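Dear colleague,

Please find below the sequence and the structure for your files. My notes on the contents follow directly after them.

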Amino acid sequence: MGMDFATGREFEWLNMMPRMLRACQEICRLVDDISSYKIEKRRGQNSTGIDCYIKENSVAMEESIHKIEEMVVDTWKDINENFKKPFLCSKAVLLIILNLARMVDVIYKNYEDGYTEPEKRCDSHMYNVKINIFDEND
């Protein structure tokens, strides 16, 4: 993912699964769980993250979704706090992790499943992304 500039030290740091990386993964998982819940239920999936939370905590679907939304907010706080701390890696590597979480925020904005149904969320962003990625003047 564009890490040709990363050193061995940075890959060692990533292999230790630092909190910032885990937080990014958690955001991806939790936001996807909320956003794809209705689609997965229509497909007949019975073991979603929301279903597991409902079963483990004996709560209604709405409360489960609310709690998972709170987890997302708390995890963003972890990313923001960790981004400010000194690390054993460059800011460029941290930005890749941060930007992955940001991308998930765009794809699943308002908890719409822009991954499964990209026309809902991604069409308006695709043109801009193509221009920015391939602009060699940066």
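A search of the whole structure finds eight salt bridges, a salt bridge being a side-chain nitrogen of Lys or Arg within 4 Å of a carboxyl oxygen of Asp or Glu. Please note that this is a predicted model, in which local features need pLDDT of at least 70 and side-chain atom pairs count only at pLDDT 80 or more, while totals for chains, interfaces and linings use all residues. Residues are numbered from 1 along each chain as its sequence is written, and side-chain values use heavy atoms, with hydrogens and water left out.

Salt bridges

Arg 19, Glu 26 and Asp 78 are linked in a network of salt bridges. In the pair formed by Arg 19 and Glu 26, the closest N and O atoms are 2.9 Å apart. For Arg 19 and Asp 78, the corresponding separation is 2.5 Å. Arg 19 lies in helix H2 (residues 19-42) and Asp 78 in helix H4 (residues 61-84), so this pair ties together parts that are 59 residues apart in sequence. Helices here are DSSP runs (H or I, at least four residues), as strands are (E, at least two), numbered from the N terminus.

As for accessibility, buried means under 20% relative accessible area, exposed over 50%, and partly exposed in between (1.4 Å probe, protein chains only). Arg 19 is partly exposed at 24%; Glu 26 is partly exposed at 31%, and Asp 78 is partly exposed at 27%.

A further salt bridge joins Asp 74 to Lys 77, with 3.9 Å between the closest N and O atoms. Both residues lie in helix H4, three residues apart, about one turn of the helix. An α-helix has 3.6 residues a turn, so residues three or four places apart point the same way. Asp 74 has a relative accessible area of 41% and is partly exposed; Lys 77, at 48%, is also partly exposed.

Helix H5 (residues 91-107) has 17 residues and reaches 24 Å from its first C-alpha to its last, close to the expected 24 Å, where the expected span is 1.5 Å times one less than the number of residues. The charged end of Lys 91 sits over the ring of Phe 83, 4.4 Å from its centre; the criterion is NZ of Lys or CZ of Arg within 6 Å of the ring centre and within 35 degrees of the ring normal.

Among the buried residues of H5 are Val 93, Leu 94, Ile 97 and Leu 98. Which residues does Leu 98 contact, leaving aside its neighbours within four places in sequence? They are Met 20, Trp 76, Ile 79 and Phe 83, contact meaning heavy atoms within 4.5 Å. Leu 98 is buried, at 8% relative accessibility. Leu 98 and Trp 76 are 22 residues apart in sequence and 9.7 Å apart in space, C-alpha to C-alpha.

The largest nonpolar core has 30 residues, of which Trp 13, Met 20, Trp 76, Ile 79 and Ile 97 touch the most other members. Such a core is a set of buried Ala, Val, Leu, Ile, Met, Phe, Trp, Tyr and Cys residues joined through side-chain atoms within 4.5 Å. Helix H1 (8-15), H2, helix H3 (49-57), H4 and H5 are the elements that give two or more residues to this core. H2 gives the most, with nine residues.

With kind regards
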